[in-house]
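This report describes a single protein chain in running text.

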Amino acid sequence: AVAASAPALAADRVYGESDLLQLIQQDHPQSWQWQLQKNGARLQQVGFQERFDPRLESKVGWQKSFRNSINPASPSLNPAFQSEAMVKQQLPYGVGLGAGVFADQVSTLNGQLDQATGLGIAAELSVDLWKNFFGRLDRLEAKSLALNTDATELRIYLQKKTFQQEIRKIYWALVANEESRLVAEEMQSLAETQLKEAQRRRQLSVADSGEVARYAAQLKSTEATLAAIHYQKEKYLLSLKTILPSLAGQDIAIKVPPTEATIAAVNQCTATIKAEKEVPFNHTKTDELLAVLEKKLATDRVVVNSHDDMDIKIIASGKYAGDDNGTDQAIKAFHQSGQPEYGVALAVSIPLGKSSERTKMARLNHRYLELARERANLEAQLTAHHHQIGQLIDLLYSTIALRQDNTSLLSDTIKDSQRKFDQARIGVDQVIRDQNAWQASRLEQIETKLLVMHELLDYFAVFTETPCHLNNI
């Protein structure tokens, strides 16, 4: 059991478990990693949506030729000037739209035409007839990216829970360290008292120098144990300050919770966990993540299977123009006697090489392996943690009970040894061995209790929604 005590050293602030968990909301390296994951998913969606934004396309061209016409009656047009500006937008329905203005100007080498100008407005419409019919692939890609964002959010949620349990594991390690410190200090105090008594007895010629030396050695041993406990505490604090940089530079202490409340919470949680005979999928978000990943794979499979499909589009275009010599006259003709022009085209693109098919198969295999790897890992976590937790906790509880019995028996042994020593029936070596065994048993009991807490926290990292008080911090 953990007993409340004052910190060994003065601290800038004393932190309880909930105080440490509040620090997760602040900036730390792991929070930046979560933000990077969110940004990565968001960037993919933004990049996809960008293809449907309107864009301005313009071109200006000038050409001069010295080639003569084959037919003398048909003059050579030269030089030629062309310009066009059009706003285009691709819609997520397999349809592309465009509208803008154009101007063409030509002259003949013999001077019969000088700056003959045609200008006006233009529009075009393209429709996917096969690969992206009515935006089928666009919608599937949008769905895949939305599912990817959902999966990212669930991964981050689970990672936050794992991070939370890591902080709690360090906290409870510090709590156990504090109790170990109390045990070691108690033994140190006992060793100091016994050494002083041995020195007094030596002055009275009742004890020899060997007895004094043995008690002095015991004191050094307890001091070494205490130093090791302090070292371990500093290692725990280093880990805590590394993952929570806001604690760096502070001298902190840990608030030790009441023993009875902790024992009750642990017992209630272990009973809740052991009552579940099958894997409690309602106590975890992992199954939701797996379902999202399955949906994403099904969506991606359709998209990737279309990679080497032929692409057929129908493209319709139209113009309304005015033609005359010079720009001013052409503008006037556009308003007064403009004439329409229409056109339609069919565009077909068919992959002929084997590279497209190999790319498709490689992508399908990659997507499948990604899901298979993550699914196997997550399912193994669910099954292994739930099926083993009961056995592990039973073994640890049994170990705790045995160590408690051992400690109690050693306590009685110490009293008996001291009585026999006072009667000069045994030597000081036996007394010290019994005292050291008692101390070791108490420290091992604390470590075993810490193992129980750590097993529960590891379980909560997977079954994040387990309904027990210890998981609702």
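A residue is called buried when its relative accessible area is under 20%, exposed when it is over 50%, and partly exposed in between (1.4 Å probe, protein chains only). The model is predicted, so local features need pLDDT of at least 70 and side-chain atom pairs count only at pLDDT 80 or more, while totals for chains, interfaces and linings use all residues. Residues are numbered from 1 along each chain as its sequence is written, and side-chain values use heavy atoms, with hydrogens and water left out.

**Confidence**

The pLDDT is the predictor's confidence in each residue, on a scale from 0 to 100. Its mean over the protein is 86, and 93% of the residues reach 70 or more. Confidence is highest in strand β8 (residues 339-349), with a mean of 93, and lowest in α8, with a mean of 83. Residues 1-9 have a pLDDT below 50, yet this stretch has 23 contacts in the model beyond near neighbours in sequence. Contact here means heavy atoms within 4.5 Å. Helices (H or I, at least four residues) and strands (E, at least two) are DSSP runs, numbered from the N terminus.

Glu211 counts as buried because its relative accessibility is 9%. Apart from neighbours within four places in sequence, Glu211 is in contact with Ala198, Arg201, Phe421 and Val428. Ile229 also has a relative accessibility of 9% and therefore counts as buried. Not counting residues up to four places away in sequence, Ile229 touches Asn177, Ser180, Arg181 and Ala184. From Ile229 to Leu371, 142 residues away in sequence, the C-alpha to C-alpha distance is 45 Å.

Leu247 sits in the loop between α4 and β6 (252-254). Its relative accessible area is 0%, so Leu247 is buried. Beyond residues up to four places away in sequence, Leu247 touches Tyr15, Leu20, Leu23, Leu240, Lys241 and Ile252.

Ile315 belongs to strand β7 and, at 32% relative accessibility, counts as partly exposed. Setting aside neighbours within four places in sequence, the contacts of Ile315 are Leu125, Ser126, Gly343, Val344, Ala345 and Ala347.

Phe134 lies in the loop between β5 (116-128) and α3. Most residues other than glycine have a negative phi. Phe134 is not a glycine, but its phi is positive, about 50 degrees. With a relative accessible area of 52%, Phe134 is exposed.

**C-alpha separations**

The table lists three further residue pairs.

| Pair | Apart in sequence | C-alpha to C-alpha distance |
|---|---|---|
| Leu247 and Leu237 | ten residues | 9.2 Å |
| Ile315 and Gly343 | 28 residues | 8.3 Å |
| Arg367 and Ile414 | 47 residues | 66 Å |

**Disulfide**

The structure holds one disulfide, a term that stands for a pair of cysteine sulfur atoms within 2.5 Å. The disulfide joins Cys269 to Cys468, with an S to S distance of 2.1 Å. The pair links distant parts of the chain, 199 residues apart: Cys269 is in helix α5 (residues 259-275), and Cys468 is in the segment after α9 (428-462). The torsion about the S-S bond of Cys269 and Cys468 is about 95 degrees, so the disulfide is right-handed. Cys269 and Cys468 are both buried.

**Largest pocket**

On a 1 Å grid over the protein atoms alone, a pocket is an open set of points where a 1.4 Å probe fits, with protein on both sides within 12 Å along at least five of seven lines; lining residues have an atom within 4 Å of a point. Grid points are joined across faces, edges and corners, and a volume is the space filled by probe spheres set on the points.

The largest pocket holds about 880 Å³ of space. It is lined by 30 residues, of which Ser144, Leu145, Lys296, Asp300 and Arg367 are the closest to its centre. Two or more lining residues come from each of α3 (136-203), α6 (286-305), β7 (311-325) and α8 (355-422). The largest share, eight residues, is given by α3.

By class, the lining has seven nonpolar, eight polar and 15 charged residues. Ala, Val, Leu, Ile, Met, Phe, Trp, Tyr, Cys and Pro count as nonpolar, Asp, Glu, Lys and Arg as charged, and the others, Gly among them, as polar.

Arg367 is in helix α8. Its relative accessible area is 28%, so Arg367 is partly exposed. Not counting residues up to four places away in sequence, Arg367 touches Leu297, Asp300 and Val304.
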